[in-house]
Amino acid sequence: MEKLFKLKENGTSVRIELMAGLTTFMTMAYIIALNPNILTGFGANGPEIWNAVFMATCLASGIGTICMAFLANKPFVMAPGMGLNSFFAVVVANIVSITGMSFLQSFRAALCIIVVEGIVFIILSVLNVREKIVQSIPLGIRLAISPAIGLMLINIGLGSNVGLYDANGNCWYILRDFFGSLTAGYAQQQMGDVYTKMVITVITVFIGIIAMVVMAKKNVKGNVLFGMIISSIFYWICQATVMGENPFASLQGASFVPPFGDLASQTLFKFDFAGFIQIGWFTAITLVITFCIIDMFDTIGTLVGTASRANMLDEEGNMPNMKQALLSDAVGTVAGAVTGTSTVTTFVESASGVEAGGRTGLTALISGILFLACMFIAPIVGVIPAAATSAALVYVGALMLMGLKNCKFDSVDQVIPVALMLIAMPISGSIGHAIGIAMISYTLIKLFSGKGKDVSILTYAISILFIIKFFLVV
């Protein structure tokens with residue numbers, strides 16, 4: 001282990017890396033079921049394709065993450081990206097509408113976008129083009145990416161990740177619907193039967209956060225993981241005693257046999273290029289470029305932001321082995337396309353493992369193995385309450401805000417781009433789009449204030465590319 005991952009050099013140990021890998025996995029295990037739900041309309045298009053995408057999610061996440069472990073020796077974990085998977089689902093629906101093909105045919109056609117994107121990224125990574133793009137992001141913006149991701153994690157933890165739905169399918173949020181209500185009575189009136197579960201969820205989240213903070217103050221290693229366990233136990237007890245539910249009901253009669261047959265018959269190497277071209281060459285090329293832009297800057301932002309939190313950046317804001325990390329991400333995307341899922345990207349939840357002390361590829365290796373194991377133990381992972389995951393995301397997100405102390409706010413041309421990115425990232429839910437807004441504003445401010453020569457040609461090119469993506473691509 002020492003020779004492979006250089007643990008002593010990075011100030012860590014096998015025990016710490018094991019805890020960090022498990023922590024990262026637990027905070028992002030929700031993607032295992034959520035990704036196939038999003039891509040297949042919650043199984044509305046048949047259990048076979050849901051099973052195939054479930055398998056693809058486990059395989060692609062495991063393959064990409066293990067590549068990150070050995071190629072880059074970084075504690076970053078990959079899985080099909082949130083946001084990108086929703087966009088992919090919209091593309092599949094549009095292909096169905098435009099061509100009249102079945103959902104499965106359209107799904108296979110859309111996978112062509114992902115495999116082309118992955119191949120392009122492998123080429124760009126080998127040629128160091130993606131690394132140069134990272135370096136073209138102004139240092140002030142790069143330093144603020146980590147705090148911006150922190151705000152997004154807090155927003156996810158107190159919003160879309162709590163999994164509260166009523167009988168009519170309405171989704172309820174902690175910040176908007178609980179703390180946003182004028183009174184507790186009004187909230188109860190609006191939510192109905194979900195209100196009790198909301199209260200338990202809120203208490204669970206804050207128990208987890210407080211437990212993590214207290215253990216951190218007492219220098220307890222693995223405080224994030226232990227905090228999740230404590231909050232999970234509280235939630236399970238409330239489920240059984242207050243809500244009258246069996247917390248482990250999903251384990252009864254659950255199958256632990258992976259659906260390899262559905263993977264092979266539905267999505268494995270099932271590319272339909274002829275069907276993809278039916279949407280038109282211009283639309284096809286536009287879709288590939290759009291996916292490339294979003295994924296590229298989502299990945300860059302996550303790597304830079306998380307590395308910043310782990311003190312892995314040099315004085316110029318660059319991360320060692322960035323090329324290998326980006327190459328691993330590209331390999332993960334190709335693996336996703338081959339097996340049958342949308343773009344695989346580096347997850348912001350990797351920050352939870354970093355906070356638990358993960359500093360090397362051993363953290364990623366543990367998480368990658370657990371993703372592969374989920375093909376066999378998925379029902380067990382499913383009992384982890386979303387509220388426990390939310391606690392970890394809020395805690396880690398708050399810690400990432402500490403990176404703001406590294407940002408220089410002594411000039412308006414630095415403050416405005418950073419401020420826009422800080423607010424855009426949690427609201428849009430896209431790291432790439434937020435970076436794009438910051439890049440455009442930075443470039444325009446420099447240009448019209450007579451300092452256009454301070455901006456590199458590549459920065460101009462990226463800003464123009466984002467302007468085209470935001471305003472001209474239809």
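Analyst: Buried means under 20% relative accessible area, exposed means over 50%, and partly exposed lies in between (1.4 Å probe, protein chains only). Helices (H or I, at least four residues) are DSSP runs, numbered from the N terminus. This is a predicted model, in which local features need pLDDT of at least 70, side-chain atom pairs count only at pLDDT 80 or more, and totals for chains, interfaces and linings use all residues. Residues are numbered from 1 along each chain as its sequence is written, and side-chain values use heavy atoms, with hydrogens and water left out.

The expected span of a helix is 1.5 Å times one less than its number of residues. For helix 15 this gives 42 Å, which agrees with the 42 Å between its end C-alpha atoms. Just after helix 15, Asn311 has a positive phi of about 60°.

Next, the surroundings. A nonpolar core is a set of buried Ala, Val, Leu, Ile, Met, Phe, Trp, Tyr and Cys residues joined through side-chain atoms within 4.5 Å. The largest one has 129 residues, and Phe107, Phe276 and Phe297 are among those with the most contacts inside it. Helix 15 (residues 281–309) gives the most to this core, with 13 residues. Apart from this core lies another, of seven residues, including Ala69 and Ala364.

Phe107 touches, among others, Leu39, Phe88 and Gly340, leaving aside residues up to four places away in sequence; contact means heavy atoms within 4.5 Å.

Conventions:
Helices (H or I, at least four residues) and strands (E, at least two) are DSSP runs, numbered from the N terminus.
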